[in-house]
Every structure is written in C-alpha cells, then in structure tokens.
Amino acid sequence: MKILEGNAGALTNFEVLDFLRAKGASKDPTRVIAKVSQSEYKVYDYLVDTAASVQTRESINEFLRSVKQHDLAKAEVLNILNIGPAAEVELYPVSIKILIFPFILHPSIVRSY
C-alpha cells in the first residue's frame, strides 16, 4: 500500500475497516495467519459490528454529496458517518455535542447567573 498523503486528517470507521480487511483481517478462525496484530483484530472485531460494516465507498460518496448543501463541519460529517444513524432522532446527540462543545472549551462564553 502506498501512502499518498502523510496526514490527510481523520478517517471514517469504514476506511479503517477497509484498511484492516486489506491487511487480511477477518472473522475466519484461521485469522492468526494474517499479518494483523492482536490490537488491530480488536479494532476489527469492534468495527465489524458497527455501521462501517455495511457502508461502501459509493454510499459514503453519495452521502458526502448530499450533505454539502447543509454546510456541516467536517467533524459533524465524520460523526454521522461513523454512527450511521437509522433515524433522525439518532442525530440529536451529535448535534447537541457539537452545540455544547465550544462552551466547554471556552467557559468564559457561558454566562454565570
């Protein structure tokens, strides 16, 4: 695998899962033969049970095209992709975290009563 850009930013869970699969990670009982470390298998085992396991490059690209009009931050898009919400109500925790986080970083913004 050739590294195109050393620090391109955060990866989606799908990209990490895809990378681990390319290295040979799987649920196969003979997986000890693959060149994947034990910690990478733990990550693989976790990600295989998340939304990343059913995502495709095409579905991610389609999602990215569809959310461009909403002017979301890169972190918001990444969170939505990684969570893989099945209903609107599942987006609520993502939006609240993003609304509250700046106040946590800058307590002087929050008024004291």
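This is a predicted model: local features need pLDDT of at least 70, side-chain atom pairs count only at pLDDT 80 or more; totals for chains, interfaces and linings use all residues.
Residues are numbered from 1 along each chain as its sequence is written, and side-chain values use heavy atoms, with hydrogens and water left out.

Of the 113 residues of the protein chain, 21% count as buried, that is, under 20% relative accessible area with a 1.4 Å probe, protein chains only.

In helix H1 (residues 13-23), the buried residues are Asn13, Phe14, Leu17 and Leu20. They lie on the same side of H1, because they cover an arc of only 130° around the axis, the arc being that of the directions from the helix axis to the C-beta atoms. The cover over these buried residues includes the helices tabulated here.

| Helix | Residues |
|---|---|
| H2 | 38-47 |
| H3 | 57-67 |
| H4 | 74-83 |

H1 packs against H2 at an angle of about 125°, with their axes 10 Å apart; axes are lines fitted to C-alpha atoms, for helices over the stretch in contact, and angles run from 0 to 180 degrees between N-to-C directions. Contact here means heavy atoms within 4.5 Å, and the residues of H1 that meet H2 include Val16, Leu17 and Leu20, while those on the H2 side include Val43, Tyr44 and Leu47. After H1 comes Gly24, whose phi is positive, near 115°.

Methods:
Buried means under 20% relative accessible area, exposed over 50%, partly exposed in between (1.4 Å probe, protein chains only). Helices (H or I, at least four residues) and strands (E, at least two) are DSSP runs, numbered from the N terminus.
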